[in-house]
Amino acid sequence: MDRPIRVLVAKPGLDGHDRGAKVIARALRDAGMEVIYTGLRQTPEQIVQTAIQEDVDVVALSILSGAHNHLFPKVVNLLREEGVDDVLVIGGGVIPEEDIPGLKEAGIEEIFTPGTSTKDVVEYIKNHLKR
Amino acid sequence: MLENNDEEAISIIKELYRYSGNAYVIGITGAPGSGKSTLTDKLAKEFRKKGKKIGILAVDPTSPFTGGAILGDRIRMNDLTLDKDIFIRSMGTRGSLGGISKATWGAVKVLDIFGMDYIFIETVGVGQSEVDIVKLADTVLMVMVPNLGDDIQAIKAGIMEIADIFAINKCDLEGADRTKLEIEMNLDLSEKKDYRPPVVKVSASRNENIEELVEKLIEHRTYLERTNKLQERRKKNAKLEILSLAEEEFISLIMNKSLEENLLDNLAENVLSKEMDPYTAKDRIMSLIDYRRG
């Protein structure tokens with residue numbers, strides 16, 4: 001039996017709500033994945049420690065407050081510092097189109113903006129796992 | 001690795017097993033929403049103050065339909081994430097009706113070998129499945145909340161008998177004293193155990209009375225160690241573990257065999273059409289399994 005894909009859905013920064021993240025979490029669960037969700041107001045350090053302890057395949061970052069250019073690359077860099085190289089990092093939330101190339105260069109493999117179908121997110125994850 | 005039944009994982013455990021045995025395992029169970037995760041967070045902090053290293057296994061249900069799970073217990077334990085002497089792992093039940101996935105057995109050993117002083121296993125509470133946690137824990141803490149209609153629940157077989165300590169969480173709510181009284185009354189009526197489980201009122205979210213609960217946990221451990229009952233209990237658990245591993249492998253043999261010839265499916269059809277009764281179907285399977293592997 002194929003082992004389930006483990007995904008950390010994380011909300012770095014100071015977002016006020018997590019409706020979107022929860023929708024994604026549910027969709028991933030319904031697609032047979034194990035989703036670790038740690039709630040609001042996570043620091044990059046917490047996210048990376050959780051990703052390591054939970055041995056996840058994917059870190060899915062969700063942000064609405066505009067701090068993505070700072071926080072997303074921070075998470076990627078911390079993961080690298082800790083020697084983690086087999087985790088797919090993706091992001092979503094309120095992220096302007098013009099920021100996406102910069103984020104991808106920083107190591108976030110794909111960004112899913114509002115309106116993306118959850119099916120697309122599921123398919124992307126399944127096709128781009130690093131393990 | 002363990003969750004995926006990796007051969008490598010098992011051989012590593014085999015090699016390192018003799019170094020285990022130092023950790024004390026506390027099982028925390030109770031109804032969904034009773035506050036187990038929040039309480040585990042507070043208990044871990046108290047034990048950390050004493051300089052203990054803590055491992056936490058948080059088990060949440062896997063959907064039997066999709067195979068997926070939302071493992072959300074960590075939300076209540078955010079403060080613990082950056083503490084180097086606490087390790088938290090979320091696990092899905094992945095098909096074990098007992099509420100504890102088979103991998104939890106192995107995970108406890110790994111954390112033990114790794115040097116944890118205390119290992120908390122926090123499980124789903126879906127009623128009778130609590131009974132399974134006993135197979136792993138040295139002390140079982142049952143978390144209850146006031147007014148959940150638990151009065152009748154408590155009397156059902158298995159629930160009252162497995163708890164070594166009762167914690168009434170959310171004690172600020174109306175009805176906490178009554179719930180405590182009901183549990184005490186049930187304990188009065190039930191068969192006398194050597195150690196009467198204490199009933200402690202706490203409020204995890206308000207951090208109230210956690211020290212008393214910790215005291216009771218340590219008292220129970222001391223009692224078990226002093227009377228040598230800990231060894232008895234662990235021996236019983238070891239038997240159950242061996243059996244459980246054997247059972248798992250046996251079922252696996254049957255399923256593999258069945259896949260080869262669509263056996264189970266055919267037998268089920270026969271049973272459905274009354275051509276065969278279930279007992280004969282079972283005999284058919286048993287005769288095909290070569291379990292004389294020695």
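This is a predicted model: local features need pLDDT of at least 70, side-chain atom pairs count only at pLDDT 80 or more; totals for chains, interfaces and linings use all residues.
Two strands pair if DSSP finds at least two bridges between them.

**Inside chain B**

Which strands pair with β2(B)? One is β4(B), in the parallel sense, and another is β5(B), residues 118-122, which also runs parallel to β2(B). To find these pairings in the structure, look for Gly55(B), which stands opposite Phe87(B) in β4(B), and for Ile54(B), whose bridge partner in β5(B) is Tyr118(B).

**Where the chains meet**

Now turn to the contact between the chains: 20 residues of chain B are in contact with 21 residues of chain A. On the chain B side, β3 (69-71) and β4 (86-92) each supply at least two residues. The largest share, 5 residues, comes from β4(B). By class, this side of chain B has 7 nonpolar, 10 polar and 3 charged residues.

Strand pairing also links the two chains: β2(A), residues 34-37, pairs with β3(B) in the parallel sense. Here Ile36(A) stands opposite Leu71(B).

The strand pairs are set out here:

| Strand pair | Sense | Bridges |
|---|---|---|
| β2(B) and β4(B) | parallel | 7 bridges |
| β2(B) and β5(B) | parallel | 5 bridges |
| β2(A) and β3(B) | parallel | 3 bridges |

Notes:
Residues are numbered from 1 along each chain as its sequence is written. Chains are lettered from A and ligands numbered from 1 in the order in which they are written. Two residues are in contact if their C-beta atoms, placed from the backbone, lie within 7 Å. Helices (H or I, at least four residues) and strands (E, at least two) are DSSP runs, numbered from the N terminus. Ala, Val, Leu, Ile, Met, Phe, Trp, Tyr, Cys and Pro count as nonpolar, Asp, Glu, Lys and Arg as charged, and the others, Gly among them, as polar.
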